[in-house]
Amino acid sequence: MLYLASKSPRRRELLARLGLEFGAIDLDLPEHRQPGEPAEVYVRRVAREKAVAGLAQVVGDRSALVLGSDTEVVLDDADGVEQVLGKPRDADGATAMLRRLSGRTHRVISAVSLVSSSRESQAVSVSEVTFAELGEAQIATYVASGEPFGKAGGYAIQGGAEVFVTRLDGSYSGVMGLPLHQTARLLGEFGLGPIAKAFDTDQI
């Protein structure tokens, strides 16, 4: 049985596009980046922690496969230091994030981990997203819509913020929260999904 360890309706919607039946496990794990931890290492770690925590909740199902994912928006500062923009706490936080993203290119790192009782695998997607210059009225209207809350970086590319994007180099679904190409390949390694035949399923 496949399980998705996530409360995110976006991830559930995306995973459903692969045509697989799956169960959902609600998790609320703390996500704290360690001092000096590179952004990609952090995202990979959190994705794996979610998958492992989800597996612990369905330990009675010996056939369980649990998928965990994490997505973060990363903006380099003037000194090249990675700044991970998490989910805004309030309207002021969302406004500040959007001001920082305005007119700049940022990275969206999305990691996916798939674990079973005897095996695990992981993949990562890194996309570059460029925003147009945003006016204060645009930002205020978007924040007032409520959409930035609960979203890494304070925006949803599949929602009203789509009009902010002048360029996307990478995975649209990855920016949404679950990179479907990488997810499908992971599932294929475990003998599931639309590209499973590309792998040696005898290894399962």
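Select D76 and R107 to begin: their side chains form a salt bridge, with the closest N and O atoms 3.1 Å apart. The term salt bridge denotes a side-chain nitrogen of Lys or Arg within 4 Å of a carboxyl oxygen of Asp or Glu. This pair links distant parts of the chain, since D76 belongs to strand β3 and R107 to strand β5 (residues 105-115), 31 residues apart. Helices (H or I, at least four residues) and strands (E, at least two) are DSSP runs, numbered from the N terminus. D76 itself is partly exposed, at a relative accessible area of 33%; buried means under 20%, exposed over 50%, and partly exposed in between (1.4 Å probe, protein chains only).

The model is predicted: local features need pLDDT of at least 70 and side-chain atom pairs count only at pLDDT 80 or more, while totals for chains, interfaces and linings use all residues. Residues are numbered from 1 along each chain as its sequence is written, and side-chain values use heavy atoms, with hydrogens and water left out.

Next, select K50 and D70, whose side chains meet in a salt bridge at 3.4 Å, N to O. K50 lies in helix α2 and D70 in strand β3 (residues 65-76), so the pair ties together parts 20 residues apart in sequence. Both K50 and D70 are buried.

Remain in helix α2 (residues 39-57) and select R44 and E40, which are four residues apart, or about one helical turn. Their side chains form a salt bridge of 3.2 Å, N to O. R44 is partly exposed at 26% relative accessibility, and E40 is partly exposed at 32%. The count of salt bridges comes to 12.

Turn now to the aromatic rings, and select F131 and F164. Their ring centres are 5.8 Å apart and their planes at 65 degrees, so the pair is edge-to-face. Rings of Phe, Tyr and Trp (its six-membered ring) pair if their centres lie within 6.5 Å; planes under 30 degrees apart count as stacked, over 60 as edge-to-face and the rest as tilted. F131 is in strand β6 (residues 120-131), whereas F164 is in the loop between α4 (136-144) and β7 (165-169). F131 is buried at 2% relative accessible area, as is F164 at 4%.

Y142 lies in helix α4, 22 residues from F164, and is buried at 5% relative accessibility. Finally, include Y155 to display the cluster of F131, Y142, Y155 and F164, linked by ring pairs.
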